[in-house]
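The following note sets out some points for a colleague who is examining the model. Please read it with the sequence and the coordinates at hand.

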Amino acid sequence: MRRPLIIIVTTFCFLTTYSQSPVDFSKFPVGQSDTTTLFTADLLNKINWQAIKGFCTGSNGHYAYERKDSLLTTYEYVKQGREASFEIISYKGTVLQYYSDAGNSKQQSTTSFFDKNVWLKYVSEMMPSLPDQFKINRDEHNNILKAYYRLLGVDTRDEYGFICEYSTMGRATDRRMAVIVLLKQHRIDLLKKLIEYPNLQTKLYAVDALIYNDYTAKEKIKQLEKNVKENQKQLDRLQKKNTDRIKIDNLQDQIKASTDTISVSKADLLTDTEWKVIYSLRDSNLTVKTCGNSGSYKIYGTPISEVLSDKAIADIPKWYEGLKRLGYF
């Protein structure tokens, strides 16, 4: 009886040991500032990357990866089922960004870091001939800087679409997700800047986002004008009776607030000149690199006259509303 018992106890101890994470997630700096450089070697030593790689065999449910391309090196750890994970992206020996998630452990749950200065150096090397008119200032928020340059093509495929097929799964393209970030942050100024961008696919992402923004602005204005009209009727009735001063003041405040918002929303509308640019683009006889949700990843050459046809333009709000339902907004 002793031998089976010893085997059971030994097996239990082995499984317990190897089910634990080899990563001390508390080693990732919290609130790291991008005003000082974070060297990749220092962070890897701090989290003991070599020991993590030695521990992760895959057969024990822990995986470690080290991948390199021409400019970036990625260090990644994943516990089976993504119960815990981290990813560090390095550019020329400095940390560009990292994200860590300790999962259900008692350690620091999630930490992240993004270095604007390193990102802009990387962008400069990736796009050395980018005209000054399409560059944006480092003072922009992290997510704006990242989304904007990804829309221009940094670390993204040169394709146009809404939902495309990747590894048998449909999802929004990376440039589409970048556009969504700019829309959520209401950076219509940046999208309008890109109407003149040389890359056709990037230009189209900006154009359809502006068309969607124009549509939502018109819907908002329509509702606000309806509210103003209804409130004005109530206000006129109360003023004739000269009663309920508090209600009169509230209605006047609501009417002013709605009127002010209408003025702001009208500034979001595409101008006649901008619509002419869009229609000129449609009539240019160019071919767009499109991808679709058709069972396998493939790039198609599609005439721009189809992508910006009257029907396609009318369907743009439906596509964006579909993305909202899928949780992309």
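Does Arg-67 count as buried, partly exposed or exposed, and at what relative accessibility? Arg-67 counts as partly exposed, because its relative accessibility is 39%, and burial would require a value under 20%. The points below concern a predicted model.

1. Arg-67 and Glu-76. Arg-67 forms a salt bridge with Glu-76, and the closest N and O atoms are 2.8 Å apart. The two partners fall into separate accessibility classes: Arg-67 is partly exposed at 39%, whereas Glu-76, with a relative accessible area of 12%, is buried.

2. Lys-53 and Glu-66. A salt bridge joins Lys-53 to Glu-66, with 3.1 Å between the closest N and O atoms. This pair links distant parts of the chain, since Lys-53 belongs to helix α3 (residues 49-55) and Glu-66 to strand β1 (residues 62-68), 13 residues apart. Lys-53 has a relative accessible area of 32% and is therefore partly exposed. Glu-66 is also partly exposed, at 35%.

3. Asp-158 and Arg-175. Asp-158 forms a salt bridge with Arg-175, in which the closest N and O atoms are 3.5 Å apart. Here too the pair links distant parts of the chain: Asp-158 is in the loop between α5 (142-152) and β6 (163-166), while Arg-175 is in helix α6 (residues 174-184), and 17 residues separate them. Arg-175 has a relative accessible area of 3% and is therefore buried. Asp-158, by contrast, is partly exposed at 27%.

4. Salt bridges as a whole. The count for the model comes to 21 salt bridges. Beyond the pairs described above, Glu-140, Arg-187 and Asp-189 are linked in a network of salt bridges.

5. Aromatic pairs. How many aromatic pairs does a search of the whole structure find? The search finds 19. Phe-25 and Phe-28 provide one example: their ring centres are 6.4 Å apart and their planes are at 25°, so the pair is stacked. Phe-25 counts as buried because its relative accessibility is 1%, and Phe-28 is likewise buried at 1%. A second example is the pair of Phe-114 and Trp-119, whose ring centres are 5.8 Å apart and whose planes are at 55°, so this pair is tilted. Both Phe-114 and Trp-119 are buried.

6. The aromatic cluster. Ring pairs link Phe-25, Phe-28, Trp-49, Tyr-75, Tyr-77, Phe-86, Tyr-98 and Phe-113 into a cluster. The stacked pair of Phe-25 and Phe-28 thus belongs to this cluster.

7. Helix α8. Helix α8 spans residues 200-241 and contains Arg-237. A patch of positive charge on the surface gathers Lys-229, Lys-233, Arg-237 and Lys-241. Val-228 also has its place in helix α8. Val-228 is buried, because its relative accessible area is 17% and the limit for burial is 20%.

8. The loop between α5 and β6. Asp-155 is partly exposed, with a relative accessible area of 34%. Glu-159 has its place in the loop between α5 and β6 as well, but Glu-159 is buried, at a relative accessible area of 3%. Glu-159 and Gly-292 are 133 residues apart in sequence, yet their C-alpha atoms are 9.8 Å apart in space.

9. Arg-82. As background, most residues other than glycine have a negative phi. Arg-82 is placed in the loop between β2 (72-79) and β3 (85-91). With a relative accessible area of 53%, Arg-82 is exposed.

Technical notes. Residues are numbered from 1 along each chain as its sequence is written. This is a predicted model: local features need pLDDT of at least 70, side-chain atom pairs count only at pLDDT 80 or more; totals for chains, interfaces and linings use all residues. Side-chain values use heavy atoms; hydrogens and water are left out. Patches are made of residues with over 30% relative accessible area and no salt bridge: like charges are joined within 9 Å, nonpolar side chains (Val, Leu, Ile, Met, Phe, Trp, Tyr) within 5 Å. Accessible areas come from the Shrake-Rupley method with a 1.4 Å probe; for residues, only the protein chains shown count as cover. A salt bridge is a side-chain nitrogen of Lys or Arg within 4 Å of a carboxyl oxygen of Asp or Glu. Lys and Arg count as positive and Asp and Glu as negative; His and the chain ends are not counted. The place of a charge is taken as NZ of Lys, CZ of Arg, CG of Asp or CD of Glu. Helices (H or I, at least four residues) and strands (E, at least two) are DSSP runs, numbered from the N terminus. Rings of Phe, Tyr and Trp (its six-membered ring) pair if their centres lie within 6.5 Å; planes under 30 degrees apart count as stacked, over 60 as edge-to-face and the rest as tilted. Buried means under 20% relative accessible area, exposed over 50%, partly exposed in between (1.4 Å probe, protein chains only).
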